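This report concerns a predicted model. Please look over the sequence and the coordinates before reading on.

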Amino acid sequence: MPLMKYLRKTYTSFATHIYDVPPRMFAFLSLIMLSFLPFMGIPTTTLQVLIRINFMATLAVSWDFLVRSGQASLGHALFFGMGAYGTALLFKYFGWPTFVTIPLSVLICVGIAVLIGFSCLRVKGPYLAIVTFAFPLVLTGIVKYFPELGKDAGIKNLPRIFPTLTYTERWLAEYYLTFALMTISAIILYKIAYSKTGATFVAILDDELATKACGINVSKYRIMAFIISGLFAGLAGAIAAHSDLFMRRASPTFLSAEYSFVPIIVSVLGGMATIYGPLFGTYIYTLIDSFILKEMLKIDDWTRALIFVTIVLILLIKWPRGIGRTIVEKLEDLEEPREIEEVQKEKLKKLKAG
Amino acid sequence: MNSSRSFMMDIIILGTISGLIYALIALGFSLIYGVSGVVNLTHGAFIMIGAYIFCELNKIFLSTLPVEFSQLSPILAILSTAVLTAIIGSIYYRLTLHQVLGDEVAILIISLFGCTIFQQIIYLIFKPVWAAQYPVPTLITGELTLLGVRVEVDKALAAILSIISFIGLWVFTSRTKVGNALRALSQDLEAAMLMGIDTAKMYMLAAGIAAGLASVGSVLKITSYAEPASAFMWVEYMAYAFSIVILGGLGSVKGTVIGGLVFGYVHTIVESRFPRLGALMPIFPFIIIIIMLIVRPKGFFGKRVEME
């Protein structure tokens with residue numbers, strides 16, 4: 001009987017929270033489809049692209065969470081790289097197994113996030129973004145300088161997370177691991193972002209002074225956002241260092257601008273500060289980038305980067321809401337809540353009107 | 001005693017020269033911040049395209065000018081580079097940053113992505129040359145002795161040109177009507193608008209001057225120090241410019257010059273005394289940026305920084 005009760009409760013909760021909300025139903029169906037995708041006979045190269053999507057989406061969602069708390073970072077690769085180097089160094093010097101090194105390196109990332117959160121309390125907006133832009137570059141310089149950190153080649157030959165699998169099974173396992181990583185982190189971040197704590201983050205994003213005046217400890221929340229964001233980005237980095245997709249090594253590429261910029265690109269495509277936007281954006285980005293531009297039109301890397309950066313620039317100027325967010329808002333068919341852009345547009349109008 | 005004294009002179013003379021050139025590179029960044037409050041990271045890209053445009057124009061002038069005027073080609077090239085980069089800079093500003101004025105984070109993302117766009121365009125145009133990096137011509141050879149220190153003529157000339165640029169900018173902003181309008185904008189936006197100053201045009205002008213100064217600075221830097229240009233040099237130079245401006249204080253021209261000099265001295269000391277640390281040199285400006293922004297965000301001479 002308790003089982004039936006539990007099932008009924010689950011069904012009601014599903015019906016009210018997911019089935020009745022079109023965007024969520026869409027997300028739910030996509031998740032189911034994506035989880036069966038590897039069995040539809042897709043080649044390994046496509047699977048690799050999908051694994052890459054999972055990593056990028058995790059990174060992008062964690063970046064987006066930070067934006068939601070009013071702290072746009074231009075160097076999110078820092079956490080990605082720290083996660084990778086943390087687990088790699090722990091393996092290199094202590095020889096511990098992956099299930100010890102990955103959580104420990106995530107803890108290291110959390111520690112770094114606390115440090116950065118504390119030190120960035122005094123700076124805001126563009127200054128914060130520049131400080132965060134500088135961090136991964138400094139770390140890259142340090143990594144390339146010390147031979148103990150592997151210099152340009154990085155730390156190689158890290159163990160696999162699932163060591164006893166055949167070639168095909170390995171990719172499948174990696175896909176499901178990263179898919180679980182993406183889904184779970186997106187759900188957790190979405191839950192936090194749309195909870196009472198998340199409302200505080202948005203309040204800080206809108207008006208920090210007013211939030212302070214409401215008796216909210218803004219510093220605490222800002223550091224908290226850094227910790228949560230750094231935790232998931234670090235986890236993605238730690239898993240990436242052990243994955244075959246990244247050649248099982250922690251190298252300076254983990255700290256490169258690609259892992260700072262692609263989260264921004266996909267978030268702008270999908271809609272910034274929404275959590276679901278970057279997920280949507282990552283798939284659109286990869287669909288256009290890998291499948292249409294690369295496979296079908298055979299455009300080289302440089303031109304593709306140029307195309308995307310130009311698109312993002314135009315989107316940021318002309319359509320800051322993003323594609324995913326516009327669709328979701330049309331689907332929900334709700335009265336549009338006052339959002340950041342509108343507030344900013346008002347500020348701009350005031351500025352222009354004098 | 002004698003050797004340490006000559007070492008000191010080395011640091012002072014060479015550090016001053018490189019500091020002045022760095023200050024010229026950073027000056028535009030400070031100017032545009034002071035006038036419009038925009039942190040324009042695309043400054044790094046203008047430094048980069050300035051170098052490329054100069055090299056190309058120099059080649060064209062060398063081949064088209066008659067032989068007896070070939071000495072004039074670098075001068076013509078520098079002037080036309082400054083004008084061209086200024087035009088590109090102001091058009092870029094009008095098309096992108098001006099549209100999102102007031103939204104600081106969007107400005108930052110757009111200006112950083114703008115750098116990437118210029119980088120890709122330069123890479124796509126100069127593709128074959130990029131791998132070996134773009135060769136830069138030497139303008140004048142020869143050495144002179146300055147207070148017992150041997151200095152290359154082109155470095156000394158570059159320092160003098162930088163000083164001329166500072167004075168030129170100072171005269172422009174304090175003695176002309178347009179310059180006064182620029183200063184008025186930086187002091188009080190609303191009052192300036194009430195006086196009938198066209199802000200959009202003034203911002204474009206400031207962006208153009210900033211880009212022009214950046215290109216002149218980069219030309220002087222790469223020709224006198226024989227540094228090859230590359231499509232990726234903007235990261236390094238943007239970091240130099242930003243750290244200098246942060247040292248001196250955003251929006252303050254005096255601060256920028258002093259910041260540039262400090263940067264030049266430190267750079268020279270590290271290069272001559274601790275060559276082992278040379279490999280860490282690229283991250284040095286970033287460390288300055290991080291420490292300065294966290295510890296003293298308004299710099300040593302900053303006038304107005306809206307942090308709170």
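The model is predicted: local features need pLDDT of at least 70, side-chain atom pairs count only at pLDDT 80 or more, and totals for chains, interfaces and linings use all residues. Residues are numbered from 1 along each chain as its sequence is written, while chains are lettered from A and ligands numbered from 1 in the order of writing.

Along the sequence the pattern is α-α-α-α-α-β-β-α-α-α-α-α-α-α. Its radius of gyration, taken over C-alpha atoms, is 19 Å, close to the 19 Å from the globule rule (2.2 Å times the number of residues to the power 0.38) for 308 residues, so chain B is as compact as a globular protein of that length.

In chain B, 39 residues are in contact (C-beta atoms, placed from the backbone, within 7 Å) with 34 residues of chain A. Helix 4 of chain B gives the largest share of that side, 16 residues. Elements giving two or more residues are tabulated here.

| Element of chain B | Residues |
|---|---|
| helix 4 | 104–125 |
| helix 8 | 189–194 |
| helix 12 | 284–295 |

In helix 14 of chain A (residues 323–332), the buried residues (20 or more other C-beta atoms within 10 Å of their own, placed from the backbone) are A:G324, A:R325 and A:V328. What covers them includes helix 2 (22–36), helix 11 (258–270) and helix 12 (276–296) of chain A.

Methods: Two residues are in contact if their C-beta atoms, placed from the backbone, lie within 7 Å. Helices (H or I, at least four residues) and strands (E, at least two) are DSSP runs, numbered from the N terminus. A residue is buried if 20 or more other C-beta atoms lie within 10 Å of its own, exposed if 12 or fewer, and partly exposed in between; C-beta atoms are placed from the backbone.
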